[in-house]
Structure formats: structure tokens, C-alpha cells
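Please open the model and follow the points below in order. Each one takes up one part of the fold.

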Amino acid sequence: EDPNYPTVLAMWSDMDGYWVNRDGDYLYFTLDENGKAVMYEYDDDGKLESFMKATAVMSSNKTSYYMALDLPRIKAGEGPAADFAQTASAKGFMIELAGYGDGYVEIAEEGDEIDYDIYVKVGSNLDKLADAVKQAKKLDK
């Protein structure tokens, strides 16, 4: 067991639940049945795009974090959704907590160009998804 894993669990405790951006794409941060940090990424139609297992969270200051995640290989019909499959890979995300207050974060997938999207916390279910999308659109101007 990685001695730094409690840092991952602390971040997941803060991020627990659904987060949506202005386009209606959303992320779901939760713990699996073994207490490990996992994240689901959905498109605006609610289709699962990727399932990730957190491996590390590193901070560059008090508000900026880097999240490393592994995407395990999943065969169709064996994963979290019946029609879902993915090849093994890895992703990294930058997350910025400062700027908009509680219930808002900026998240960018690691790549050549860091392009942050504002995400609004929806909560533990998707009942307020449409309202959160509107809020993200207002903030993203």
C-alpha cells in the first residue's frame, strides 16, 4: 500500500459526488467497494466515457493539485455500464480550488495546453444537474 494514498482519499472526500461543466459533461468522484478512489467521466448525454482509478494527488501550493489516474482495461459487458469498454491507459488532471469559492473548481486534463473548465458541484445525485450547468455557463464567461 502506498503511504501517500491518504492524500488521494482526502481529495476524494472533498470532491465526493457529481461535478458538471458548462457543456453538461460531468465527473463523479466516489470510493469503490474496497474504499479506493475512483472517478467516472460522462458526456452531456450521460454516456460513460471513462472509468479511472486514482493513483496519486500532488499539490504545488494550497489550491493547485495534480491528480494521476489509471484507466484499467475493461471489456464490453464487464464494466460499470453494459455497453462500456476501454483500453488501459493513464490520465492526469490539474485542479484549481481557488477563484470561485466553495462548490466550484477548475479542472483541466493534462496535455500540451492546459485549458481549464469550471465545474460546479451537483451533489450526491443528478437532480440539480441542469441548474448546475446554467451556473457553470454564467461563470465561464
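1. Start at one pairing. Leu71 has Ser89 in β6 as its bridge partner. Strands β5 (64–71) and β6 (89–96) pair in the antiparallel sense over 8 bridges. Two strands count as paired if DSSP finds at least two bridges between them. Helices (H or I, at least four residues) and strands (E, at least two) are DSSP runs, numbered from the N terminus.

2. A note on the source. This is a predicted model, in which local features need pLDDT of at least 70 and side-chain atom pairs count only at pLDDT 80 or more, while totals for chains, interfaces and linings use all residues. Residues are numbered from 1 along each chain as its sequence is written, and side-chain values use heavy atoms, with hydrogens and water left out.

3. Now the other side of β5. Strands β4 and β5 run antiparallel and are joined by 6 bridges. A hairpin of 4 residues links β4 to β5. Across this pair, Met58 stands opposite Tyr66. In β5, 6 of the 8 residues are buried, so the strand is largely enclosed by the rest of the structure. Buried means under 20% relative accessible area, exposed means over 50%, and partly exposed lies in between (1.4 Å probe, protein chains only).

4. What order do the 8 strands take in the barrel? They close in the order β1-β2-β3-β4-β5-β6-β7-β8, with antiparallel pairing. From one strand to the next, the twist averages 35 degrees.

5. Helix α1 touches β1, β2 (26–31), β3 (37–42), β4 (48–59), β5, β6, β7 and β8, and its direction makes about 125 degrees with that of β4. Helix α2 (residues 129–139) touches β1, β2, β7 and β8, at about 155 degrees to the direction of β8. Contact means heavy atoms within 4.5 Å. Axes are lines fitted to C-alpha atoms, for helices over the stretch in contact, and angles run from 0 to 180 degrees between N-to-C directions.

6. Check β7 on both sides. It is joined to β6 by 4 antiparallel bridges, with Met94 partnered by Ala108. It also pairs with β8 over 4 bridges, again antiparallel. Here Ile107 stands opposite Asp117.

7. Look at two single residues. Ile74 sits in the loop between β5 and β6. Is Ile74 buried or exposed? Ile74 is buried, with a relative accessible area of 11%. Beyond its neighbours within four places in sequence, its contacts include Phe51, Pro80 and Phe84. Asp2 lies in the segment before α1 and is partly exposed, at 34% relative accessible area.

8. Finish with the largest pocket. It holds about 150 Å³ of space. Two elements, α1 (5–15) and β7 (104–109), each give two or more residues to its lining. The largest share, 3 residues, comes from α1. The lining divides into 6 nonpolar, 2 polar and 3 charged residues. Among the lining residues are Met11, Trp19, Tyr104 and Lys121. On a 1 Å grid over the protein atoms alone, a pocket is an open set of points where a 1.4 Å probe fits, with protein on both sides within 12 Å along at least five of seven lines; lining residues have an atom within 4 Å of a point.

Conventions. Grid points are joined across faces, edges and corners, and a volume is the space filled by probe spheres set on the points. Ala, Val, Leu, Ile, Met, Phe, Trp, Tyr, Cys and Pro count as nonpolar, Asp, Glu, Lys and Arg as charged, and the others, Gly among them, as polar.
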